[in-house]
Amino acid sequence: MQLTPFARQQEFLAATEDEVLYGGAAGGGKTDALILRALLRLQQQPGAHVLFVRRAYPDLEMSVIRRVLPLVQGIAAYDGSRHLLRWPNGATLQFGYAERYEDALRYQSAEFDLICIDELTQLPEDVFALLLSRNRTSIPGLRPILRAATNPGGPGHAWVKRRFIDVAPPDTTYTDPTTGRTRRFIPARVQDNPHIDQGYVQRLMELPDLLRRALLDGSWDAAEGLAFPELRRDVHAFDPRPLPEHWPRFRALDWGFARPYSVGWYAVDEDGRLWRYRELYGWGGDPDVGTRETPEQVAERILAIEREAGETVRPGPADPAIFGAGQGTGPTVAEAFARAGVVWVPADHRREPGWAALHERLRVREDGHPMLMVATTCLHFWRTVPSLVLDRHRPEDVDTRGEDHVADEVRYAVMSRPLAAVVRPAPPGRETLGFIREHYLRRQVAREERFPWRQ
Ligand SMILES: Nc1ncnc2c1ncn2[C@@H]1O[C@H](COP(=O)(O)OP(=O)(O)O)[C@@H](O)[C@H]1O
Ligand SMILES: [Mg+2]
């Protein structure tokens with residue numbers, strides 16, 4: 001297999017600065033540009049040591065190693081146990097991941113004359129600093145260089161922007177006044193890549209506004225404000241299908257009358273992963289306008305949906321406000337729901353811990369999957385959550401002026417299932433522990449159903 005760089009990638013390959021960042025948008029051939037850079041060094045420099053980093057090993061395996069191996073077949077030897085590629089001239093390419101600082105410490109004693117980092121904003125700044133300190137060589141006359149690529153957004157957005165984007169206009173060289181080292185940002189967008197299909201561009205164009213500007217145009221400012229930049233259909237969405245019957249199911253609610261309400265149905269798999277497989281959104285048809293349905297009407301719709309699906313669904317968390325007597329007289333919204341047959345439990349509605357828990361659930365795990373999956377049919381989730389922005393004055397909080405009802409409901413759901421508390425027994429004890437937990441939950445649920453007013 002042969003890989004030929006297109007024009008933008010050629011500029012990247014020819015760049016002479018100490019540190020070069022490529023990309024800033026989706027589909028600009030970032031990963032391939034880094035692969036080309038690494039292979040070029042191996043070919044040209046006997047004895048070179050290259051390190052190719054991504055945050056997590058599954059990403060490295062899926063998008064880098066699998067792509068590199070066919071390209072070097074018959075040329076280089078790959079040691080799969082050490083993730084090490086050996087070129088005949090003695091040059092080596094080490095594939096590495098650096099999810100945490102401790103991971104990066106493994107490379108502490110090594111020297112790499114070329115370090116390639118893909119999806120740079122996924123890395124914390126201290127990990128980057130540690131890797132950078134390994135960017136050296138004992139080959140006389142060879143300049144150690146660092147090459148990276150990334151989309152905007154992600155946990156490291158701020159420091160990457162500060163280091164590469166804010167210091168100089170794109171395509172110009174910046175010289176660090178203290179170290180004398182040079183940097184450059186080479187923007188690349190999907191339009192620069194002749195190998196992309198139209199469907200991909202079309203999907204980017206259909207993204208919600210801020211996300212589209214971040215991924216299609218590579219706008220660092222648009223990405224900055226997004227509350228959940230890590231949220232991606234190709235990672236977090238699943239096509240609707242019957243989920244195993246033995247997965248417990250519960251629902252969550254963010255109540256609204258003049259504004260939309262959001263009901264989400266969740267199934268919990270063996271790993272504690274939540275599958276939001278259905279939603280009922282009280283939407284008046286315009287952004288953030290509700291249907292003015294009563295709790296009884298909504299309860300009826302919920303029960304009808306569940307009857308039709310033949311499901312048993314457990315009581316789940318709801319906005320604690322529905323347990324307070326709003327007008328001072330008459331039944332609370334929660335009581336009205338309970339009388340109509342739908343029981344809710346007061347949610348833990350602390351905002352910042354809730355958003356942190358949601359970020360944690362969206363994070364991709366070692367098996368390549370996050371701990372929260374959302375059906376593609378949850379249209380209002382996908383319409384509203386990806387475009388929510390952060391509160392300017394409270395950077396840990398979501399701006400409540402956005403249409404945040406689905407997000408609030410999801411937050412209640414994740415807070416009702418703290419990840420640390422997930423029992424993940426070793427195989428032999430599995431049945432016993434699982435049974436105890438099930439039994440406990442069932443007792444709790446039975447109690448909730450019998451005594452809803454106690455909640
Ligand atoms: N020089 C190239 N030759 C052939 N295909 C390429 C080249 N550069 C990128 N591509 C293809 O374009 C698509 C997007 O490239 P990729 O490097 O994955 O982009 P990014 O990492 O920016 O999202 C991939 O299918 C990739 O194989
Ligand atoms: Mg890529």
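Helix α2 (residues 30-44) contributes the most to the shell around ligand 1, with three residues. Helices (H or I, at least four residues) and strands (E, at least two) are DSSP runs, numbered from the N terminus. The model is predicted: local features need pLDDT of at least 70, side-chain atom pairs count only at pLDDT 80 or more, and totals for chains, interfaces and linings use all residues. Residues are numbered from 1 along each chain as its sequence is written, chains are lettered from A and ligands numbered from 1 in the order in which they are written, and side-chain values use heavy atoms, with hydrogens and water left out.

The shell around ligand 1 holds 15 residues, of which T4, Q9, K30, T31 and N193 come nearest. A residue is near a molecule or strand if one of its heavy atoms lies within 4 Å of it. By class, the shell has four nonpolar, eight polar and three charged residues. Here Ala, Val, Leu, Ile, Met, Phe, Trp, Tyr, Cys and Pro count as nonpolar, Asp, Glu, Lys and Arg as charged, and the others, Gly among them, as polar.

Several polar contacts reach ligand 1. A polar contact is a pair of N or O atoms within 3.5 Å; within protein, one must be able to donate a hydrogen and the other to accept it, and residues adjacent in sequence count only if both atoms are side-chain atoms. An N or O atom in the side chain of K30 lies 2.7 Å from an oxygen atom of ligand 1. For N193, a polar side-chain atom is 3.0 Å from an oxygen atom of the ligand. G27 takes part through its backbone, where a polar atom is 3.2 Å from an oxygen atom of ligand 1. Taken alone, ligand 1 exposes 550 Å², and the protein buries 74% of that. Accessible areas come from the Shrake-Rupley method with a 1.4 Å probe; for residues, only the protein chains shown count as cover.

T150 is buried, because its relative accessible area is 1%. Buried means under 20% relative accessible area, exposed over 50%, and partly exposed in between (1.4 Å probe, protein chains only). Leaving aside neighbours within four places in sequence, T150 is in contact with L21, Y22, G23, G24, A25, K30, E119, L120, T121, V160 and W220. Contact means heavy atoms within 4.5 Å. The side chain of T150 also reaches the backbone nitrogen of L120 at 3.3 Å.

Q94 lies in strand β5 (residues 92-97). Its relative accessible area is 18%, so Q94 counts as buried. A polar atom of the Q94 side chain is 2.9 Å from the backbone oxygen of R82. Beyond four places in sequence, Q94 touches V50, L51, F52, R82, H83, L84, Y107 and F112. One of these partners, H83, has a phi near 55 degrees, a positive value in a residue other than glycine. H83 sits in the loop between β3 (77-79) and β4 (84-86). R292, not a glycine, likewise has a positive phi, of about 60 degrees. The loop between β13 (274-281) and α11 (295-309) contains R292. With a relative accessible area of 54%, R292 is exposed.

H380 is part of helix α14 (residues 379-384). At 15% relative accessible area, H380 is buried. The side chains of H380 and R383 form a polar contact of 3.1 Å. Not counting residues up to four places away in sequence, H380 touches E279, Y281, W283, V385 and V406. D221 is 159 residues from H380 in sequence and 25 Å from it in space, C-alpha to C-alpha.

Two cysteines were examined for burial. C116 is buried at 0% relative accessibility, and C378 is buried at 1%. The model has zero disulfides, a disulfide being a pair of cysteine sulfur atoms within 2.5 Å.

At the level of the whole chain, there are 16 helices and 16 strands. The C-alpha atoms fill a box of roughly 85 × 50 × 40 Å along the principal axes. Of the 455 residues, 51% count as buried. The chain exposes about 21500 Å², with carbon and sulfur atoms supplying 52% of that area. Among contacts with a separation of 6 or more, 71% join residues 24 or more positions apart.
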